[in-house]
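Please look over the sequence and the structure, then read the report below.

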Amino acid sequence: MRLELRGITKRFPGVIANDAVDLVIEPGEVHGLLGENGAGKSTLMNILYGLYAADEGEILIDGQPVELREPDDAIAAGIGMVHQHFMLVPVFTVAENIVLGVEHTRRFGKLDRRRASREVGELAERSGLPVDPDALVEDLPVGIQQRVEILKALYRNAQTLILDEPTAVLTPQEADDLFEAIRAFTGEGRSVVFISHKLGEHRAIADRVSVLRRGRIVGTADPRETSEQELANLMVGRPVSLVVDKPPGSPADPAIEVRGLTVENAAGTVVVDEVSFDVRRGEILAIAGVEGNGQSPLVRALTGLQPIASGEVLIAGEPVAGRSRKQILRGGVGQVPEDRGRDGLVGEFSVAQNLILGRWDDEPFTKRQTLQFDVIGAHARQLVEAYDIRTPSVDTPAASLSGGNQQKVVVAREFDLPIDALVASQPTRGVDVGSIEYIHERIVEKRDEGTAVLIISSELDEVLALADRVAVMFHGRLVGPFEMPVAKEAIGSMMAGTDPELAMARGGER
Amino acid sequence: MSAVATTTSAAAKTRRSRRFGAFSLLLVAVMGGAFTTTARGDTATFVLNDARGQLFDLPALVLPVVPTVIVLTIAVAAIAARQLTTGFGDRAVVMVGVASGLFVLAFLTWAAAGDALSVIGLLRGTVRASTPIAFGALCGVLCERAGVINIAIEGQFLAAAFAAAVFASMAGSPWVGLLGGIGAGALVAWMLAGLSIKFKADQIVVGVVLIVFATGVTSFLTTQILSGNPQLNTPSRFPTLEIPLLAEIPIVGPILFRQTILGFGMFVAVAWLHYALFETKWGLRLRSVGEHPKAADTVGIRVLATRYRAVLLGGVVAGIGGSWWTLDAVGQFSREMTGGRGFIALAAMLVGRYSPVGAFGAALLFGFADALATSLQLLGVPIPSTLLLTAPFVVTIIVVAGLVGRLRPPAANGQPYVKG
Ligand SMILES: Nc1ncnc2c1ncn2[C@@H]1O[C@H](COP(=O)(O)OP(=O)(O)OP(=O)(O)O)[C@@H](O)[C@H]1O
Ligand SMILES: [Mg+2]
């Protein structure tokens with residue numbers, strides 16, 4: 001199936017998300033789509049999937065113009081989409097989610113669950129995406145949930161599969177499995193649109209890469225012939241540095257002290273097991289690890305969101321236990337949560353309001369119990385400018401920003417104040433390379449101001465770029481910290497549970 | 001970390017177990033203290049036969065009051081002891097139910113002391129009183145499973161009861177009355193759907209407005225029209241039907257197989273809706289719209305239309321429930337005659353955790369409280385009758401506050417769906 005978009009234009013209040021976009025997806029190809037946050041990638045794909053109506057332009061399938069008004073139309077035309085935010089019903093089983101909308105029934109409209117299970121099982125097997133058809137989706141890790149999303153499209157016999165940032169939530173191993181499945185899929189003459197901010201992935205999987213900038217296609221490249229640097233420059237429109245310039249730090253006294261910290265989950269299982277470490281002012285400690293190894297409860301305990309079973313946490317010499325959230329935050333802790341949508345932003349609040357969350361009752365934002373909207377607005381405009389947040393205005397609801405720009409709102413708010421300690425989980429998830437550069441520079445700047453910085457990341461490159469010291473979390477235990485440099489391979493194998501000495505020895509050999 | 005939100009922590013379980021234990025101790029105190037000392041006779045007689053005849057007669061159960069109460073008290077005390085120490089783990093809620101059941105038995109023994117209590121009458125009364133509550137709760141389940149909060153069940157009841165009375169009186173047929181009731185229930189549902197689904201108004205506010213609206217309109221029409229035209233308020237009622245043979249079985253027969261069409265209809269509606277919600281394509285789609293409308297939209301399910309239909313069907317069901325008052329129970333409409341049963345239906349939906357069968361079980365419980373109040377009045381128990389009439393509400397509060405625990409409503413419940 002050959003898919004062609006001609007002159008697609010889409011306007012939202014205050015922005016032109018897509019500006020006369022022409023794009024051709026050839027049969028059998030993996031077409032990469034690259035672009036800054038807010039460049040209009042998701043919008044373009046939502047138009048192709050019938051979720052948004054284009055203001056101008058037309059879509060052709062094998063040369064024939066088609067009208068895609070509803071997802072139904074797109075599905076019927078053979079287009080499948082895996083959304084940036086999963087579209088799965090958590091309380092349904094895998095099979096139920098996959099057949100939803102195209103159910104087979106027996107007499108009296110009874111769902112044919114057995115047939116659904118069998119068909120999904122077979123499809124999963126065939127496509128190299130193994131999954132238990134009868135598991136509840138909410139019990140599955142994100143990597144598997146994504147398989148369910150892909151299977152959903154395959155079950156509908158998609159000829160073109162759109163993957164909107166599929167690897168943002170995957171471990172490197174899971175990403176490799178996904179690439180394997182993509183290759184098998186396109187091998188049969190079907191095509192994939194692949195959106196990602198990771199340049200290396202485009203080079204690994206894409207046959208062609210189209211670059212969007214501010215709603216326009218600014219170029220198409222063969223990723224195998226083009227270096228990451230060239231791709232990055234094309235995307236941002238200026239030379240970008242892919243490595244942070246990080247002078248050695250000058251660590252002082254510890255501002256975060258963690259002693260024998262143990263945290264239990266609601267079921268009483270130990271999820272953080274006797275973890276001890278310090279983060280000194282003026283250094284960056286990076287905790288690497290595959291997600292789900294206890295990083296989230298660790299962070300929640302550090303910031304007072306989850307009770308501590310035993311051990312203690314001191315921030316700037318004061319124990320966290322027994323203090324309220326507000327006291328902890330006012331006491332000089334900045335926090336970038338891993339799930340910005342849930343813990344970092346209030347979606348229906350404006351960008352300006354989100355930029356003063358947690359500080360709304362401070363001078364100068366509030367005077368005599370009254371919010372000072374002009375001050376709040378000016379403050380917001382200044383941060384929007386400084387952090388290059390792409391938004392039509394500071395009064396736009398945060399939820400309508402693109403994913404990466406939402407992240408920049410959180411970062412801008414948390415970095416704006418002088419703080420003793422910064423705890424940042426996945427600070428650049430879903431953020432484009434230009435902005436990663438920017439956020440990384442700010443993190444290093446914070447460090448040099450004398451902040452103790454703790455980074456939690458599953459992104460090895462990020463760990464290597466930022467860390468002064470590195471530790472690895474595996475099954476709730478902490479290995480390290482070690483002074484950098486540590487070989488990338490060594491960190492990688494510790495993330496997979498290899499004994500540190502062995503990992504270091506092996507990593508050193510390479 | 002979603003697991004944190006849904007499972008109960010070990011500490012919370014212990015706390016809950018203690019709370020249950022304290023509740024059981026309270027029961028023990030009442031049983032041991034009040035029931036043993038204030039009984040109005042030495043023996044209590046429980047009549048198990050129905051006055052209308054059956055295949056064979058059962059002997060009446062005659063129990064010595066004080067020994068029976070003491071045995072039951074000891075049993076509840078044992079449960080309390082375990083609750084306060086090791087707890088019952090997963091069966092904690094079940095055991096509170098058992099303790100409460102034993103308490104009710106002791107209470108009945110005390111109430112029937114020196115007199116005879118018709119067990120059949122009590123249980124028939126339970127099923128009857130729970131009929132409208134069950135219909136109302138089913139309406140709630142349908143709406144909320146599709147993501148629309150409907151607190152206006154009371155309003156649907158009133159409108160339906162009124163319309164059923166007028167239509168049945170005019171046509172001289174309860175069936176026409178039922179159609180009128182269904183129409184009125186659906187009309188209120190249509191207003192709810194329009195305001196909350198289409199115009200995306202706050203669903204709680206819309207619900208309150210609809211209750212006030214239905215109460216006001218029916219009261220106004222009653223004083224203005226019905227009181228001057230009594231011929232419009234004399235609906236013929238549905239007769240009691242018997243299933244031959246089955247109705248003759250002792251105990252079960254008169255309770256289950258001797259009903260009006262609405263009583264039988266309740267059983268059918270519960271079973272059918274439970275099946276439809278959880279086993280059919282229709283139910284899967286309806287629930288997907290209440291859990292994750294955007295996901296439903298992306299696979300081509302029409303979210304707003306599905307919600308509309310669910311709310312309208314709910315209106316039909318609530319309309320049948322409302323018709324019960326004038327076509328089954330009383331045979332005449334009077335102002336605010338539904339007496340808050342729409343709210344109890346809402347509680348039944350919650351206690352039943354948004355499932356038709358669960359809601360039906362809860363409706364039976366509240367119906368029992370209703371029927372018990374009537375039975376006690378007949379027995380002449382020395383409790384003021386006004387106090388007895390509050391029994392269903394007291395039971396509702398205790399059950400909802402104490403037993404429901406953390407509910408998991410449909411994830412998109414109450415949220416209007418905006419595309420894009
Ligand atoms: N529903 C909406 N209402 C208003 N504006 C929107 C809406 N959706 C997207 N936008 C705007 O359109 C632009 C393009 O957004 P889009 O989500 O397509 O970006 P993207 O390229 O996918 O970015 P990211 O890489 O951050 O996901 C942004 O400026 C965004 O704020
Ligand atoms: Mg996007």
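The lining of the second largest pocket has 11 nonpolar, seven polar and 10 charged residues. Here Ala, Val, Leu, Ile, Met, Phe, Trp, Tyr, Cys and Pro count as nonpolar, Asp, Glu, Lys and Arg as charged, and the others, Gly among them, as polar. This pocket holds about 600 Å³ of space. Of its 28 lining residues, Arg325(A), Leu329(A), Gln335(A), Arg413(A) and Glu414(A) are the closest to the centre. Among the elements of chain A that each supply at least two residues of the lining are helix H9 (295-302) and helix H14 (403-415). Helices (H or I, at least four residues) and strands (E, at least two) are DSSP runs, numbered from the N terminus.

The model is predicted: local features need pLDDT of at least 70, side-chain atom pairs count only at pLDDT 80 or more, and totals for chains, interfaces and linings use all residues. Residues are numbered from 1 along each chain as its sequence is written, chains are lettered from A and ligands numbered from 1 in the order in which they are written, and side-chain values use heavy atoms, with hydrogens and water left out.

A pocket is an open set of points on a 1 Å grid over the protein atoms alone, with protein on both sides within 12 Å along at least five of seven lines; a cavity is a set where a 1.4 Å probe fits but cannot get out, and lining residues have an atom within 4 Å of a point. Points are joined across faces, edges and corners, and a volume is the space filled by probe spheres set on them. There are four cavities of 30 Å³ or more. Two of them are set out here.

| Cavity | Volume | Lining by class |
|---|---|---|
| Largest cavity | about 110 Å³ | six nonpolar, three polar and three charged residues |
| Second largest cavity | about 80 Å³ | four nonpolar, two polar and three charged residues |

The lining of the largest cavity includes Tyr49(A), His83(A), Thr298(B) and Val299(B). Strand S6 (79-82) and helix H5 (142-155) of chain A each give two or more residues to this lining. In the second largest cavity, H5(A) gives the largest share of the lining, four residues.

Chain B has an open sheet of three strands in the order S2-S1-S3, with mixed pairing. Strand S2 (61-64) and strand S3 (116-118) of chain B each have a single partner strand, so one side of each has no neighbour in the sheet. Two strands pair if DSSP finds at least two bridges between them. Strand S1 (residues 43-47) of chain B runs parallel to S3(B), joined by three bridges.
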